[in-house]
Amino acid sequence: MSGAPENQIPAIHLAGIDKRFGAVHANRAIDLRVAPGSIHGLLGENGAGKSTLMKILFGMIHADAGTVEIDGAPVSFRSSAEALAAGIGMVQQHFSLIGAFSVVENLIMGRAQGSALSRLTRKLDLPAAAARAAELSERFGFGIDPWAKVSTLSVGARQKVEILKALWGGARTLVLDEPTAALSPPEADELYAVLEKLRAEGRTIVLISHKMPEVMRLCDRVTVLRDGAVVGNAEISARDTTDPKVRAELEARMVDMMIGRESPALPDRAPQEGPLILDVRGLSDGHRLGPLDLQLHGGEIVAVVGVEGNGQSELVDLLMGLSKPTDGLIAIDNRNVTDWSTQKRLAAGIAHISEDRHASGVANDMSLADNASIGYLDGEPFSPGPWYLAWRDRVRFTEVLIERHKVRTPSALLPMSSLSGGNQQKLVVGRELARSPRLMVAAQPTRGLDIGSASAVHHALLGLRERGAAVLLLSLDLAEVFALADRLVVLRKGQIAGAMTAAEFDIDQIGRWMSGAQDTTPDTTPATAPRKQEVA
Amino acid sequence: MSDFFTIALFASALHLAVPIILPMLGGLLCERSGVINIGLEGMMLGGAFGAVAFSYVTGNPWLGLLGAVGTGLLSGVILATMSVLLRGDQVIGATAINLVGAGLTAALVPIIWGIDGTTPSVPKVPTPELPFVGQIPLVGPLLAELSAIDLVAFALVGAVWWVLMRTDMGLRLRACGESAAAADAAGIDVTRVRFIAVTLSGVLAALGGAYLSIVTLDLFQASMTQGRGFLALAAMVFGKWRVGPAFLVCLGFGLADAIALRAQIFTHDLPHDLLFALPYVLALVALATFVGRATGPADVGKPFRRA
Ligand SMILES: Nc1ncnc2c1ncn2[C@@H]1O[C@H](COP(=O)(O)OP(=O)(O)OP(=O)(O)O)[C@@H](O)[C@H]1O
Ligand SMILES: [Mg+2]
């Protein structure tokens, strides 16, 4: 599978690809060969140029220089339509589905063949397309209802629809840009099985990922980008992925190529005793959550884990005042805030890193400075009076955030949409950290971040804890939870299925709580020793 | 009261609805593709004027209709160039169309005919009565009052609905309005789809104007559309950007207009201006009350640019 790609005609051959966005040199003379029937990893820090390179392959961005060959034949796609027609499918880093459409409409849009007249007059055969979608979904065990409206689907299901969409035209080559960033571990496992199946069918896959375990499991070969240029390639043979020592060495080598240093280990944490900050009692949204009790003290990180869709988003919305509870109380620092507006809660010292930065975290067309100061506008430091925004200060503040969180951008005045996915996340996280909150509600704070940046966010969250703040961490990444949390609760069907402290962390027990399986060993054996896990 | 609500009243309601329906269809196509079009009024005036001018010059009212199509294409292409190709602000571009449409047509009347305000009569499109329809039970008498041109306008409603909701082209167009980025990733040429939709909206609005000038009447008068382009927009919003409901709202506006006209004959106590304001008052009240949160296509108003 990993045979030297030089001997065979590569499925994809990019040569000398160069692309600038104004002052940003996103791709510098990149060469990339992808062997047919292999999974090729594309790694690199946030802003290294991975998405740009793949969008060039897919015809969505036009390179300033360089050539593309598919199966040895030179191509020059002017649009994604041409790439699709040539048998390339791509799953974008950010969802590119239409929420108001059904799954099947999303799958067939733009795909019909035939004359313009027939496409203008002939009825679309949705039932036939739906039958095909059901069949395809069946084949990969997706269980997607082709008639479901996309906006009603969970993030995991949407990701599957994206993959169906990429495969729809019978693509032989698939590009996946961080497909598991928003998936829970079991969902990601399902996806890995699908990708392995696709490879076994002889399809070629390019996988962009920041998750090393995933790369080690799936990829035959990786290419690492830094600063828009290729810094190295690595082969991953079957032997590497089984021998733990070789594996660790290889991982370290790839991380080194990516960020040029090792990510600093997290500091030891002493347990802290702080005052009660968040007190939630009998909270319910009358539908998907509750009744739920939860207490957070200063100097404590409490993780909420669970399969997505078990009440996590509802909990966050209630805490932030984005929806109204039907029952129960929320108190912050002994003040009942249940009826407070979001604005008032922010002023009371709650900060919120939102789970889906595109749905609620950022305004894509607004500048970084606007985005960085949203939520601060009702008082110091940017609005000395009600009629006046301190524009200069906002820009300066944004520049401080950019500097502090290593956001890769030439200017605070560019629109948010010009940032790479991970860099958008860094700015949002930076903005919320800068509030110096009493309570941080952090939902998937490291989603889409590279290893170095994720580690920086982990340090920052621990820093908040050190300063006596309370952190509520919602994460799908158990390694992250184990590394940070003092305590965790498992949410299932809107209720707390179980709780444990850091000393008791036990991945099997958590899994049982998450899935609702019967607890086979009730209290007879002492809690098993926590598994040590490296933070990705 | 029974001689107030007569067949004639409903027939006149349908006649009065047509010049709202046509621009409504145009506006709907345009906005479902993601481009705001508040320029319908100006496009209608252009069409009304173009129809009269061509009918006058050629002596053939059918060529007058063709002239309206021409001015519609022109105004549509201008707006599409400004808002789709050059990615200018869509509201500003359309406002410019309205201002130029009103100003230019008013200014051209004295230049061509040498008189201000209203043109002399030009050949008007014949409105042949439909044979046999009178015999159809129930709706027969009403249909007998309509002309083939009216029926074509109503058929267009069905055609637009069919294309928009049932065909591949319609799916592409709606995709561009919901998410230009998603449509682009799916291989849809967003710029092209939007350009065509905006141009088409110009043609449909212009035909609505021509209906006023050389089907209903036989002349052009400055500002003769009297806000129907904006009523068409209101109908689209009431109808939540759906063809069927928006069509019904247009019929409602037509009925309100017809009632105002007829009430003028029946009573002399009510101020006429107030009566003619009826559709607009209805529109305002409805917009402010039961339409509630009317949300259009998700990506409407946002220019699309590829990296
Ligand atoms: N449309 C654009 N306009 C301006 N700059 C852009 C644009 N798209 C990307 N860039 C810049 O190009 C660089 C590479 O971005 P790219 O999205 O390829 O990064 P990436 O490797 O995919 O990162 P991530 O892991 O965060 O997704 C970044 O510095 C980004 O800010
Ligand atoms: Mg990216």
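Start at ligand 1 and select A:Thr52. A polar side-chain atom of A:Thr52 sits 2.6 Å from an oxygen atom of the ligand. That is a polar contact (a pair of N or O atoms within 3.5 Å; within protein, one must be able to donate a hydrogen and the other to accept it, and residues adjacent in sequence count only if both atoms are side-chain atoms).

Before going on, note that this is a predicted model: local features need pLDDT of at least 70, side-chain atom pairs count only at pLDDT 80 or more, and totals for chains, interfaces and linings use all residues. Residues are numbered from 1 along each chain as its sequence is written, chains are lettered from A and ligands numbered from 1 in the order in which they are written, and side-chain values use heavy atoms, with hydrogens and water left out.

**Stop 1: around ligand 1**

An N or O atom in the side chain of A:Ser51 is 2.7 Å from an oxygen atom of ligand 1.

How much of ligand 1 does the protein cover? The protein covers 88% of the 640 Å² of accessible area that ligand 1 has on its own. Accessible areas come from the Shrake-Rupley method with a 1.4 Å probe; for residues, only the protein chains shown count as cover.

A residue is near a molecule or strand if one of its heavy atoms lies within 4 Å of it. Zoom out: ligand 1 lies between chains A and B.

Colour the shell by type.

Next, show the cartoon. Helices (H or I, at least four residues) and strands (E, at least two) are DSSP runs, numbered from the N terminus.

**Stop 2: across the chains**

Select A:Glu105 and B:Arg174. Their side chains meet in a salt bridge at 3.6 Å, N to O. The term means a side-chain nitrogen of Lys or Arg within 4 Å of a carboxyl oxygen of Asp or Glu. The pair crosses between chains, from helix α3 (residues 103-108) of chain A to helix α7 (residues 168-178) of chain B.

Is A:Glu105 buried or exposed? A:Glu105 is buried, at 14% relative accessible area. B:Arg174 is buried too, at 5%. Buried means under 20% relative accessible area, exposed over 50%, and partly exposed in between (1.4 Å probe, protein chains only).

Select A:Arg119, B:Asp168 and B:Arg172. A network of salt bridges links them. Over all chains, the salt-bridge count comes to 26.

Move to A:Ser80, in helix α2 (residues 80-85) of chain A. A:Ser80 has 0% relative accessibility and counts as buried. Its side chain reaches the backbone nitrogen of B:Gly187 at 3.4 Å.

**Stop 3: within chain A**

Which residue pairs with A:Arg394 in a salt bridge? Select A:Asp370: the closest N and O atoms of the two are 2.4 Å apart. The pair links distant parts of the chain, from α15 (residues 391-404) to α14 (residues 368-373), 24 residues apart. A:Arg394 is buried at 7% relative accessibility, while A:Asp370 is partly exposed at 25%.

Then pick A:Arg217 and A:Asp189, which form a salt bridge at 3.4 Å, N to O. A:Arg217 lies in α8 (residues 212-218) and A:Asp189 in α7 (residues 185-200), so the pair ties together parts 28 residues apart in sequence. A:Arg217 is partly exposed at 38%, and A:Asp189 is partly exposed at 40%.

Now select helix α11 (residues 312-319) of chain A. Of its 8 residues, 6 are buried, so the helix is largely enclosed by the rest of the structure. Among the buried ones are A:Leu315, A:Val316 and A:Leu318. A:Gly321 follows α11(A) and has a positive phi, near 75 degrees.

**Last stop: the surface of chain B**

Select B:Tyr56, B:Val57, B:Ile111 and B:Ile112. They make a nonpolar surface patch of about 420 Å². Patches are made of residues with over 30% relative accessible area and no salt bridge: like charges are joined within 9 Å, nonpolar side chains (Val, Leu, Ile, Met, Phe, Trp, Tyr) within 5 Å. α2 (40-58) and α4 (90-113) of chain B each supply at least two of the patch residues. Finish on B:Ile111, in helix α4 of chain B. B:Ile111 is exposed, with 64% relative accessible area.
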